[in-house]
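Please keep the sequence and the model in view while reading.

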Amino acid sequence: MYFPPKEVVRWAAKLAKIPNWENMSLYGGSNTNDPLKAMGFKIITKNNIDVNLEIISKYKDIVSKGNNNKELYKWN
């Protein structure tokens, strides 16, 4: 699952109870990505995401949770 780095930072600020986190102006790039990388997050640029693989992954997740038994034959 992928999450935008800026949103990860915003949620971290909220959880850390940083004052005025709602009004934080964040800019993408190394200012946001580098601290996340240092904590072990893998940063994937939009250009490197294979949309088809992401769709297949989401589809497999839905089928594996039993939300659509009609599709299960495709994976058996």
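Does Thr-45 count as buried, partly exposed or exposed, and why? With a relative accessibility of 42%, Thr-45 counts as partly exposed; buried means under 20% relative accessible area, exposed over 50%, and partly exposed in between (1.4 Å probe, protein chains only).

The model is predicted, so local features need pLDDT of at least 70 and side-chain atom pairs count only at pLDDT 80 or more, while totals for chains, interfaces and linings use all residues. Residues are numbered from 1 along each chain as its sequence is written, and side-chain values use heavy atoms, with hydrogens and water left out.

**Overall composition**

- The secondary structure of the protein consists of 3 helices and 0 strands, where helices (H or I, at least four residues) and strands (E, at least two) are DSSP runs numbered from the N terminus.
- Of the 76 residues in the protein, 9% are buried.
- Among contacts between residues at least 6 apart in sequence, 31% join residues at least 24 apart; contact means heavy atoms within 4.5 Å.

**Packing of H1 and H2**

- Two packed helices are described by the angle between their axes and the distance between the axes.
- Helix H1 (residues 5–15) packs with helix H2 (residues 30–38) at an angle of about 70 degrees, and their axes are 9 Å apart; axes are lines fitted to C-alpha atoms, for helices over the stretch in contact, and angles run from 0 to 180 degrees between N-to-C directions.
- H1 and H2 are therefore roughly perpendicular to each other, a term that covers angles of 65 to 115 degrees.
- On the H1 side, the contact is made by Pro-5, Lys-6, Val-8 and Val-9, and on the H2 side by Thr-32, Asn-33 and Leu-36.

**The two sides of H2**

- Thr-32, Asn-33 and Leu-36 of H2 are buried.
- These residues cover an arc of only 85 degrees around the axis, which puts them on the same side of H2; the arc is that of the directions from the helix axis to the C-beta atoms.
- The buried residues of H2 pack against H1.
- Asn-31 and Ala-38 are exposed residues on the face of H2 turned away from its buried side.

**Beyond H2**

- Gly-40 follows H2 and has a positive phi, near 100 degrees.
- Thr-45 is located in the loop between H2 and helix H3 (51–64).
- Thr-45 and Pro-4 are separated by 41 residues in sequence and by 9.6 Å in space, C-alpha to C-alpha.

Technical notes:
Angles under 35 degrees count as roughly parallel, over 145 as roughly antiparallel, 65 to 115 as roughly perpendicular and the rest as oblique.
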